[in-house]
Amino acid sequence: MIVPEVRRYLSIADRLLPGRITGFYVVGSTALGAFRRGRSDIDFVAVTEGAISLPRLRALQWTANTPDGLRQLAQGNWAIPGTVNGVFVPREELTRPVTLIRPVASHSGSDFRAGAAFDVNPVTWKILREHGIPVRGAEPAELGLDPEPARLKEWNLANLRGYWKGLAERTARRAKPSLVARKTGMAWTALGPPRLHHTIATGGVISKEAAGEYALDVFDARWHPFLRDALAYWRGGPPAAVRHREAAEFVLDVIADAERL
C-alpha cells in the first residue's frame, strides 16, 4: 500500500533535489501491512546519488508533510501520526553492514540530523529487505543489504536498556504525564517495548498493533487492561485514561523479562 502522503513527499523531494533520489522505499508499519490513519506515521529509506543540499533536506522536512503534521511539528512533537519520516543513504553505502553505514541525514517529526539516522539499524534494514515497498528503484532483495542479523538481539536489548529504561524511570518520577502521553493514552509506551521483546524472543519484526496482541499472550494478566486500552486507541478509539506510572512499571517488566531470554 502506498499512501498518498508518500507520493506527495516524493514529488516535492524531486523538485527540491532534482535527480538526487534514485531509490525510495516505504518501511515501518505501512510495509508491515499495519498502517493506521490518524495513528501511524510513514517511514521511508531514500537512496541518494551525488551531493545533497542539507538546507534543502531541512526544507523538505517541513514543506512535504501534511498540514496536520506541520501543526504538530511546530509544537515540537516528534512522533506524529501522518508525518513522513525517513533516512537518506548514499547508494555506495547501501551494501555495507548496516551499523557501519554513513547516512546523509534523517528527519523524524521535528528532529533533523545531518550525518546520522537512528533508523539505519538492524531492525529497519530487516524490514526493508523482507517487506520494503519500492516506490522507486530496484526490489529490496536486489540491493545487497546487510541487516547484520547476528546483531539483531543485541541491538534490541541495547535499545530497551538505553532509551526505554531511561524513559520509564523518568516517567515514574513525574507527578503528571507529559503532553504527548496525555494525547496518545500511553499507546506508544505500551506497544513499543513488546515489539522489541518479540524480536529478541523470535528474531521476527512485527508492528505495534501485533505487539499489543503478543504482549497479551506473553505478559501477566495485571497488564491486560492497560494493553487493551492501548490497542483500542491504536485502532481508532479515544485516548484511554492515562496511567503513566503503570506504563513505566510495564516497560521495566518487559525489559527484565527480555534480559532473561
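This is a predicted model: local features need pLDDT of at least 70, side-chain atom pairs count only at pLDDT 80 or more; totals for chains, interfaces and linings use all residues.
Figure 1. Buried means under 20% relative accessible area, exposed over 50%, and partly exposed in between (1.4 Å probe, protein chains only). Helices (H or I, at least four residues) and strands (E, at least two) are DSSP runs, numbered from the N terminus. Among the buried residues of H5 are Trp125, Ile127 and Leu128. The elements they pack against include strand E1 (21-27), helix H6 (152-173) and helix H8 (187-202).

Residues are numbered from 1 along each chain as its sequence is written. Local features need pLDDT of at least 70, side-chain atom pairs count only at pLDDT 80 or more, totals for chains, interfaces and linings use all residues, and side-chain values use heavy atoms, with hydrogens and water left out.

**Figure 2. The salt bridge between arginine 136 and aspartate 14.** The two side chains meet at 2.7 Å, N to O; a salt bridge is a side-chain nitrogen of Lys or Arg within 4 Å of a carboxyl oxygen of Asp or Glu. Arginine 136 belongs to strand E6 (residues 133-136) and aspartate 14 to helix H1 (residues 4-16), so the pair ties together parts that are 122 residues apart in sequence. Arginine 136 is partly exposed, at 27% relative accessibility.

**Figure 3. The salt bridge between arginine 161 and glutamate 259.** The closest N and O atoms of this pair are 2.9 Å apart. Arginine 161 lies in helix H6 and glutamate 259 in helix H11 (residues 244-259), so parts 98 residues apart in sequence are tied together.

Definitions and conventions:
Contact means heavy atoms within 4.5 Å.
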